[in-house]
Amino acid sequence: MAHRVSTPRSAILTGLTVIAILMFVVATLMALFYAPTDPQGMVQRIFYMHLGAFMGGSLAFLIAAIASILYLVKRNFKWDMMALAAIEVGLVLTGFTIVSGAIWARPIWNTWWTWDPRLTSAAVMWLAYAAYLMLRNGFEDPDRRARFAAVYGILAFSSVLFTTFITRVRPDTIHPVVVGPSPQNAQGSFEVNSSAMRLTLIFNILTYIVAAITLIWYRYRLERFTRQVQALKMQVLSR
Amino acid sequence: MLLQQTAIPDNLSYLLLGLAMLALILGGYLVSYFVRLRNIRREAALLEQMQAEAPEAPGVSPASARLT
């Protein structure tokens with residue numbers, strides 16, 4: 001079947017994929033072997049991936065919010081597809097953020113999970129975006145579905161901002177902060193105090209951002225192809 | 001006592017668990033992506049076949065040609 005068309009865009013995506021894979025391998029190796037071992041032990045190395053994945057996921061949710069605004073302004077379905085793709089990728093990355101945080105917390109806080117403000121807001125954020133995927137399927141009419149999803153996608157971004165900044169405004173959180181002073185009750189704090197740690201952190205954040213963009217692009221193409229096939233199906237079946 | 005305070009705890013197993021979860025979550029998503037892609041390509045191929053068997057309708061091009 002396949003008459004796959006090679007375009008400049010697909011060549012860029014292929015290049016981006018190669019870069020993302022290489023960066024991912026290097027970033028993981030840096031986290032495991034290049035960064036010095038913190039007094040917390042080897043588990044502290046999860047932090048580089050944990051923060052990287054959160055930044056990648058937050059970027060994906062930001063892209064979804066911007067795409068949602070653009071859909072409401074332009075009423076072009078490509079922005080609806082972009083928002084859907086970005087939210088799906090954001091859920092994967094922030095899902096890993098939550099899971100990796102729980103794994104770090106077990107030896108450091110002596111618990112997998114606690115209803116701390118930061119952890120709770122992260123869970124609410126994840127659930128809000130998971131609900132996006134379920135709720136948008138409740139609409140038959142594509143226009144209404146896209147309109148509802150766009151409004152929801154914009155409102156849901158407030159949960160990302162809340163999760164990001166809650167450690168700055170709630171002194172009772174035990175979640176440590178790496179950039180700037182930690183909250184007074186923070187437990188398991190550590191400092192990114194060497195150039196190797198800083199470089200590893202920055203490289204991991206960049207890696208997960210590139211990975212997020214690459215995955216969103218692929219998911220967008222899949223969604224577009226799916227809708228094209230659905231439209232074709234309607235044409236063929238209506239003959 | 002001093003040695004107890006400065007000793008680095010052995011929690012390598014948690015790091016390995018974290019890496020396993022990274023592989024599971026990202027790998028699982030990639031598998032789900034490729035399964036969906038395979039299914040939609042099969043559907044596109046079937047529709048192409050149905051199109052080829054039926055009289056040609058104007059303005060309908062093979063679906064798989066549009067995946068750019």
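**Figure 1. Salt bridge between A:E88 and B:R36 in the predicted model.** In this predicted model, A:E88 of chain A pairs with B:R36 of chain B in a salt bridge, with 2.7 Å between the closest N and O atoms. Two salt bridges are counted between chain A and chain B. Seven residue pairs are in polar contact between chain A and chain B, both residues of each pair being at pLDDT 80 or more.

**Figure 2. The side of chain A that touches chain B.** Four helices of chain A each contribute at least two residues to this side: helix 1 (8-34), helix 2 (46-74), helix 3 (77-109) and helix 6 (195-237). Helix 6 of chain A provides the largest share, 16 residues. By residue type, the side of chain A that touches chain B comprises 27 nonpolar, 10 polar and 10 charged residues.

**Figure 3. Extent of the contact between chain A and chain B.** Chain A brings 47 residues to the contact, and chain B brings 39 residues. About 4,100 Å² is buried between chain A and chain B, and carbon and sulfur atoms account for 73% of this area. The model has an ipTM of 0.91 and a pTM of 0.90. For chain B, the mean pLDDT is 82, with 71% of the residues at 70 or more.

**Figure 4. Salt bridge between A:R227 and A:D80 within chain A.** The side chains of A:R227 and A:D80 form a salt bridge with an N to O distance of 3.1 Å. This pair joins distant parts of the chain, since A:R227 belongs to helix 6 of chain A and A:D80 to helix 3 of chain A, 147 residues apart. Over all chains, the count is eight salt bridges.

Figure 5. Helix 2 of chain A consists of 29 residues. From first to last C-alpha, helix 2 of chain A reaches 41 Å, close to the expected 42 Å at 1.5 Å a residue.

**Figure 6. Helix 4 of chain A and its N-terminal cap.** The N-terminal end of helix 4 of chain A is capped by A:D116, a side-chain oxygen of which lies 2.9 Å from the backbone nitrogen of A:R118. Helix 4 of chain A covers residues 117-136, 20 residues in total. The distance from the first C-alpha of helix 4 of chain A to the last is 28 Å, close to the 28 Å expected at 1.5 Å a residue.

**Figure 7. Helical arrangement of chain A.** Chain A contains six helices and zero strands. Read from the N terminus, its elements follow the order α-α-α-α-α-α. The C-alpha trace of chain A spans about 70 × 35 × 30 Å along its principal axes.

Technical notes: Residues numbered from 1 in each chain as written. Chains lettered and ligands numbered in written order. Heavy atoms only, no water. Contact = heavy atoms within 4.5 Å. Buried area = accessible area lost by both parts, 1.4 Å probe. Salt bridge = Lys/Arg side-chain N within 4 Å of Asp/Glu carboxyl O. Polar contact = N/O pair within 3.5 Å; in protein donor to acceptor, adjacent residues only side chain to side chain. Nonpolar A, V, L, I, M, F, W, Y, C, P; charged D, E, K, R; others polar. Expected span 1.5 Å × (residues − 1). pLDDT = per-residue confidence, 0-100.
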